[in-house]
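This report describes the fold of a protein chain, its strand pairing and its aromatic contacts. The sequence and the structure are shown first.

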Amino acid sequence: MSFEAGTLAGAGSFRCEECDFAVALHPGDEVPACPSCGGDRFRPSSLFGESRAGPAPTMEGAEPDWLDGARDALVRDGDYLAFEDDDRVRVVSLQDGWTRVGRSLSAHVRFDDPTVSRRHMLVYRDAESAKVLDDRSLNGVFHNGDRTEFADLSDGDTLAVGRFTLHFVHLAGERSAQAAAGAAGS
């Protein structure tokens, strides 16, 4: 679906079909010529979504170099979210119950970034399992590369929230087994 320059468009975000420049419009705005290349053909698009100018982060088989080190540094069994933010690796321990992820000041895991909704995602954890729930986010939650409303989490799963990729880490019996092996070897 394309809009010609000068036609009226609905509210939302559009991208130039020639150079992929993003334009946000209000209801009744005329579609301008592209400020970047002068093109006149646009397609509806998420302002923060995938763009031809830059690929979306890949999720499958692309574990970051820092993830093994972060996993090795954990000292207790449990469930964690590990991610990079401003060139720093952060690991958040998940407690039983709900963990809010978003841009809101009330979020347990907060991203001050316009690609993240104020109430973006919820992670629920109990003694049996962990689950993720999209909390009515604008750009969606992606579980292992697929958009989801609700999904069970397993060790190694990835969650994309805006421009951030979070890695779910589940440690069960590993730390106590390693401690026992270390004590037996001394």
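## Surface and overall composition

The protein chain exposes about 10700 Å², of which carbon and sulfur atoms supply 50%; accessible areas come from the Shrake-Rupley method with a 1.4 Å probe, and for residues only the protein chains shown count as cover. This is a predicted model, in which local features need pLDDT of at least 70 and side-chain atom pairs count only at pLDDT 80 or more, while totals for chains, interfaces and linings use all residues. Residues are numbered from 1 along each chain as its sequence is written, and side-chain values use heavy atoms, with hydrogens and water left out.

The chain has 186 residues, and 38% of them are buried (under 20% relative accessible area; exposed is over 50%, partly exposed in between; 1.4 Å probe, protein chains only). Two helices and 15 strands are present; these are DSSP runs numbered from the N terminus, with helices (H or I) of at least four residues and strands (E) of at least two. Among contacts with a separation of 6 or more, 44% join residues 24 or more positions apart, a contact being heavy atoms within 4.5 Å.

## The six-stranded sheet

An open antiparallel sheet is formed by six strands in the order β6-β5-β15-β14-β11-β12; strands pair if DSSP finds at least two bridges between them. Its edges are β6 (88-93) and β12 (146-148), each of which pairs on one side only. On average, neighbouring strands of this sheet are turned by 30 degrees against each other, direction ignored.

Within the sheet, β5 (78-85) and β15 (164-171) are joined by six antiparallel bridges, and G78 stands opposite L171. Helix α1 (66-73) lies across β5, β6 and β15, at about 40 degrees to β15 (axes are lines fitted to C-alpha atoms, for helices over the stretch in contact; angles run from 0 to 180 degrees between N-to-C directions).

## Pairing of β7

Strand β7 (97-102) pairs with β9 (121-125) in the antiparallel sense over five bridges, with T99 bridged to V123. Strand β7 also runs parallel to β8 (109-110), to which two bridges join it; here G102 stands opposite R110.

Three aromatic pairs are found in the whole structure (Phe, Tyr or six-membered Trp rings with centres within 6.5 Å; planes under 30 degrees apart are stacked, over 60 edge-to-face, the rest tilted). F83 and F111 are edge-to-face, at 5.0 Å centre to centre and 65 degrees between the planes. The pair links β5 with the loop between β8 and β9, 28 residues apart.

The rings of F111 and F164 are stacked because their centres lie 4.2 Å apart and their planes are at 25 degrees. F164 belongs to β15, 53 residues from F111. F111 is buried, with a relative accessible area of 1%, and F164 is buried at 5%.
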